[in-house]
Amino acid sequence: MDRIRTRAMLIAMGLVLVIIAMFTFAIVQDKQDVLEEKTLAHRQLLKNSFDLAMADTYAGLNTLAYKLAGDRNVVDAFAARDREALYRYSLPYFQEAKKHGDADLTGFISADGIHFLRVQDPAKYGDNIVHKRPILARAIESKKPIMSLDVTIYDVAVVAIIPVFKDEKFIGIVQTVAKINRVQKRLDVNSGVKSAIVFDTARLKQVLPDSDAIDYRGYSLVSSNDPLFEHLPDHFTFTKSDQYHINDADYVIASRPLKNYENETIAMMTCAFDITQDVQYYREEFRNLLIASALLLIGMGIALHYGFSALIRRINRDAEITKALNHRLEQQLYVDHLTSLPNRQALLRDIHEDRFYALMLLNIDNFKEINDFYGHAMGDKTLLRLADSIADVIRHFPIKLYKMPSDEFALVVTEPLSRTKLEQARSTIVNHLEERNYDLDGATIYISLTVGMDIAESSRSTNRIALLINADMALKSAKKRHLSYLLYDETMQIKKEYEQNILWNKKVKEAIEDRRFTLHYQPVVDYKGGTVVEYEALIRMIDHDGSVISPAYFLSAAKKSRLYPLISRFVIDEVFKMLETTSYNYAINLSVDDIIDSHTREYLMKKLSYSIHSDRLIFELLESEGIENYQEVSAFITEAKRFGCKIAIDDFGTGYSNFAHIIKLDVDILKIDGSLIRNVDTDPNAQTILNAVAEFSKHLGFKTVAEFVHNEAVYDKCRELGVDYLQGYYIAPPHPLA
């Protein structure tokens, strides 16, 4: 019996050992999987943190570079090679960027590769380091922006290079630089990650031969935020992400290649995450399992019971840790860091996953003024208070709030509402927000809002993302039309207008680059003597196929871009050439945009001061623009008349038609709009108005011109009613002058 009992006990213990071994193997494997999941989560956190740090660094450098390249004073000083003025105008931008931690170095390199000015070290200039820094040669050759890692004579750095043009002429580049430790600091601030950057040793020695960086197998340590990277193990390699035991601690160390503007790997970003606690926890768990296994041998039932209970608790705890890490990563991607609201990325995610019935975009009209007057800190506080106010008022509605970039918020309706209720909700929300004021640090802040909205309707084939696009177009259109609210409607053709503007902007830019503009001239005649008293200069574009394009197609789009002043300068240059080579009088159409643009106005006045034929020049101004911008236009007229120029009011009769204003503007000629002339031969009212304008003009000493004279009957009637000069297709269409 004893032998049977012993054999039975041995068999039972063997079965228990097999079961324990199976459970132990399964649990150990599960723990290893959990540890690997944690490691992967750490690696992803490292990647996201670095991407965020680099993005912040590039954003700061680009902002500084474009401010410098877009400042007219800076560009003029650079073009004039006035180093002292360039330093004076550039220094405030550089100091502000350095104060905010965005840049360490800024310099201007001429088109010939000579270092014209180092803002941080103005006494050091005139050297040519293009042969050491191919990135500068590439930027000068391509005349295009470049962002890259590079080695300067000062240190390894992140570099942004922007081309600088003066009147379409390339004059050099502006370089903004942040030392690589800026990235380290941002990385440390964002996530507290231990990190280092190692640079290609050969490339580093080429520019910094005296560098005392620590070398690791062809790479040199140029920046780190922890001494750990100065004592890496001998078997460490940058090409493999692995777990290492260093100084009684365990780390996940991962590297990623950093490429330059030519997509060459010139550096490695190496990050380390301390997983000592995870490893210790894993080892403790393993030791506890062995103890539990021993206890199972003594009491199989109790041990198995407690073992399973402990297993479930520990698995849940590991799942919570993994969930917390995933939540942290999601917070970085989908939550606005200032307001803690879901951001635009979250909206794009949700708009594909959830059903939204309407979307409103709220934009703060005066946010730029708040930032400029009170500072960005006050702007942030305003956004926070406004976010709280929006959250408070929408709690009564099925609406979800998102923080969009800059000063915009998105409100999405998550349940179906009638048009009436939706409009009531919008009105209630906006009124609630605009009726409030915010007392912040002793200042009272008032805000006004512009709203663009789109409604998802079954009658319109609107895809989900189009809801956001349409609301954005409605918002921009409301801004353009000076409306506080606009609901998207396909009949508004906003999208088509955008597409047309983009198309014609492209065509205008290409025509400027290819010099495919020309002037046609339409004569204004004195019917009494049959002589030409002036030629009106009219801009035309020559298409690729040689066809002539009217300004009605492209001029409006050009005025919405920065290309319009270039067209104005072309017209001015061509007319002054005609003044020098012919004996005719010429008329140039000027908009208020031309008059209030300081560069165009100065350019025109300089031309007048150098010309001896200014008395044969006539400037035609739109009546409505002249009245609405009286001070600017009046000052321009006074200045132009000093050179003997004449002033004509174009399209008279379409605007205010106030002779008192016209007299104050001291004009010489009234060009009567075609809407009055077109049917003057058959329309008694038009005849009465035209006769009155002609009589008043004679008494006031003005000359009158009838535009759009398109047939003989109109021609005869204008003569009969006393108009001085005639212009139109019946007399002659616009045409080139030989």
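## A loop proline and its neighbour in space

P227 sits in the loop that connects β8 (219-224) with β9 (242-246). In this predicted model, P227 has a relative accessible area of 52% and is therefore exposed, since the cut-off for that class is over 50%. P227 and A196 are separated by 31 residues in sequence, while their C-alpha atoms are 9.6 Å apart in space.

## Overall composition

The protein contains 24 helices and 27 strands, and of its 738 residues 46% are buried. Among contacts in the protein with a separation of 6 or more, 63% are between residues 24 or more positions apart. The protein exposes about 37500 Å², of which carbon and sulfur atoms supply 53%.

## A hairpin of two strands

Strand β3 (residues 146-151) is mostly covered, with 5 of its 6 residues buried. Strand β4 (residues 156-166) runs antiparallel to β3, and 6 bridges join the two. Together β3 and β4 form a hairpin, with 4 residues between them. Within this pairing, L149 stands opposite V158, a residue of β4.

Helix α16 (residues 564-581) is made of 18 residues and spans 26 Å from its first C-alpha to its last, which is close to the 26 Å expected at 1.5 Å a residue. Several positions of α16 are buried, including Y564, I567, V571, I572, V575, F576 and L579. The buried positions of this helix also include S568 and R569.

Helix α7 (residues 276-298) includes I298, which has a relative accessibility of 74% and so counts as exposed. Together with I291 and L295, I298 makes a nonpolar surface patch of about 340 Å².

## Positive phi angles in two loops

S340, which is not a glycine, has a phi of about 65 degrees; S340 is placed in the loop between α8 (300-334) and α9 (344-353). With a relative accessible area of 57%, S340 is exposed.

R515, likewise a residue other than glycine, has a positive phi near 55 degrees. R515 belongs to the loop between α14 (494-514) and β19 (517-526), and at 73% relative accessibility R515 counts as exposed.

## Salt bridges

Side chains of opposite charge can pair when their charged atoms come close. In this model the count comes to 24 salt bridges. One of them joins the side chains of D392 and R395, with an N to O distance of 3.1 Å. D392 is partly exposed, with a relative accessible area of 33%, whereas R395, with a relative accessible area of 57%, is exposed.

The side chains of E513 and K509 meet in a salt bridge at 2.6 Å, N to O; both residues lie in helix α14, 4 residues apart, about one turn of the helix. K509 is partly exposed, with a relative accessible area of 43%.

## A buried glutamate in a network

Salt bridges that share partners join E536, E620, K671 and E707 into one network. Of these residues, E620 lies in strand β23 (residues 617-622) and is buried, with a relative accessible area of 1%.

Leaving aside neighbours within four places in sequence, E620 is in contact with E534, E536, A587, I588, N589, L590, A648, D650 and K671.

Technical notes: Residues numbered from 1 in each chain as written. Predicted model: local features only at pLDDT ≥ 70, side-chain atom pairs only at ≥ 80, totals over all residues. Heavy atoms only, no water. Patch = residues over 30% accessible without salt bridge, like charges linked within 9 Å, V, L, I, M, F, W, Y side chains within 5 Å. Areas by Shrake-Rupley, 256 points an atom, 1.4 Å probe, with all protein chains shown as cover. Salt bridge = Lys/Arg side-chain N within 4 Å of Asp/Glu carboxyl O. Buried < 20%, exposed > 50% of the residue type's maximum accessible area, 1.4 Å probe, protein only. Expected span 1.5 Å × (residues − 1). Pairing = 2+ DSSP bridges. Contact = heavy atoms within 4.5 Å.
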